[in-house]
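Here is a briefing on one protein chain. Look over the sequence and the model first, then read the points by topic.

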Amino acid sequence: MPIQAPQWTEFLSCPVCCNEFDATLRSPISLGCGHTVCRTCLSNLHRKQCPFDQTTINTEIENLPVNYALLQLVGVIVPEIECNGNIKHLSTDELSSYLQAKKCIEELALYLKPFSSGNGGSTGSNVLSRPMQRKLVTLINCQLMEEEGRSRAMRAARSLGERTVTELILQHQNPQQLSANLWAAVRARGCQFLGPAMQEEVLKLVLLALEDGSALSRKVLVMFVVQRLEPHFPQASKTSIGHVVQLLYRASCFKASPTLLQIYRMYW
């Protein structure tokens with residue numbers, strides 16, 4: 001029976017033995033499925049399967065490289081030259097690509113460290129939002145040595161990029177023009193099927209949800225609007241409201257640089 005999957009916030013300790021990762025017996029080893037377990041626990045597995053989702057481990061445990069992106073977050077210095085794992089069997093081009101991707105992920109992982117206060121202590125807060133932290137944790141737990149892990153890393157990197165663009169646009173949002181742009185977008189793109197009364201309430205609720213600059217996903221925004229509408233408009237559905245929200249996301253409802261808007265439209 002698979003055991004319960006670890007929480008993404010507990011990424012600095014082994015989810016099997018609950019010990020913090022270190023550079024000796026408890027070095028973190030990421031699997032192709034995206035789970036990371038310490039080397040000691042992996043060595044004690046009865047089957048070559050992930051203890052969480054039962055995915056087969058195709059590479060020998062001793063050939064899987066240590067996840068230094070995680071180790072550096074517990075104070076371990078990343079070596080300039082990596083000699084562990086199976087990288088010595090890679091071709092010159094493969095080794096170059098692997099090392100570049102590895103270095104990039106290790107640099108990104110440093111953003112998971114909390115802010116330092118002026119007196120040298122930690123404030124406990126982080127430069128990244130919670131959604132950004134979660135997506136970055138997913139990325140740094142990818143195993144670049146295996147094909148499945150590389151595919152997972154590509155998806156995680158794209159998701160992280162999309163979220164980054166979304167949050168950048170929200171920071172450049174012009175609150176004074178938001179209301180007018182929302183109305184113009186709905187009228188121009190044909191959402192009259194909601195009816196005038198419901199349409200007005202939908203836009204008011206969207207404005208209410210966005211007025212504090214919160215970075216909301218479309219799913220959360222749709223559920224917020226539907227729940228608020230239900231007492232007065234029981235016919236409101238997630239499909240109809242989702243269509244309106246989709247159009248608003250695609251409309252020019254943000255004041256941002258042309259480059260940001262271009263990237264934003266590419267992703268959405």
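Two residues are in contact when heavy atoms of theirs lie within 4.5 Å. By that rule, and with neighbours within four places in sequence set aside, Gln143 is in contact with Ser30, Leu31, Gly32, Leu64, Pro65, Gly149 and Arg150. The model is predicted.

**Overall layout**

- The chain has 268 residues, and 39% of them count as buried.
- It holds 10 helices and 4 strands.
- Along the sequence, the elements run β-β-α-α-α-β-β-α-α-α-α-α-α-α.
- Take the contacts in the chain with a separation of 6 or more: residues 24 or more positions apart account for 56% of them.

**Confidence**

- The chain has a mean pLDDT of 75, and 68% of its residues reach 70 or more.
- In residues 116-124 the pLDDT falls below 50. This stretch still has 11 contacts in the model beyond near neighbours in sequence.
- Residues 254-268 also have pLDDT below 50. Here the model has 27 contacts beyond near neighbours in sequence.
- Where pLDDT is low, predicted coordinates should not be read in detail.

**Gln143**

- Gln143 sits in the loop between α4 (130-140) and α5 (147-171).
- Is Gln143 buried or exposed? Its relative accessibility is 3%, so Gln143 counts as buried; the cut-off for buried is under 20%.
- Ser30 and Leu31 are among the contacts of Gln143. Leu31 is also one of the residues that touch the most other members of the largest nonpolar core.

**Nonpolar cores**

- The largest nonpolar core has 37 residues. Leu31, Leu42, Leu112, Leu136, Leu139 and Ile140 touch the most other members.
- Elements giving two or more residues to this core are β2 (36-38), α1 (39-43), α2 (68-71), α3 (92-109), α4 and α5.
- α4 gives the most to this core, with 5 residues.
- A second, separate core has 16 residues, including Met198, Val226, Ile241 and Val244.
- Ile140 touches Ser30, Asn67, Ala69, Leu70, Ile105, Ala109 and Leu112, with residues up to four places away in sequence not counted.

**The buried side of α4**

- Which residues of α4 are buried? They are Met132, Gln133, Leu136, Val137, Leu139 and Ile140.
- These residues lie on the same side of α4, because they cover an arc of only 160° around the axis.
- An α-helix has 3.6 residues a turn, so residues three or four places apart point the same way.

**Cysteines**

- How many disulfides does the chain have? The count comes to 0.
- Cys38 is buried, with a relative accessible area of 0%.
- Cys41 is buried too, with a relative accessible area of 12%.

**Positive phi outside glycine**

- Cys18 has a positive phi of about 70°, although it is not a glycine.
- Cys18 lies in the segment before β1 (28-30). Cys18 is exposed, with a relative accessible area of 60%.
- Gln54 is not a glycine and has a positive phi, near 65°.
- Gln54 is placed in the loop between α1 and α2. With a relative accessible area of 32%, Gln54 is partly exposed.

**Met154**

- Met154 belongs to helix α5.
- Met154 counts as exposed, at 63% relative accessibility.
- Met154 and Cys142 are 12 residues apart along the chain. Their C-alpha atoms are separated by 9.4 Å.

Definitions and conventions:
Residues numbered from 1 in each chain as written. Predicted model: local features only at pLDDT ≥ 70, side-chain atom pairs only at ≥ 80, totals over all residues. Heavy atoms only, no water. Buried < 20%, exposed > 50% of the residue type's maximum accessible area, 1.4 Å probe, protein only. Core = buried A, V, L, I, M, F, W, Y, C linked by side-chain atoms within 4.5 Å. Disulfide = S-S within 2.5 Å. Arc of directions from axis to C-beta. pLDDT = per-residue confidence, 0-100.
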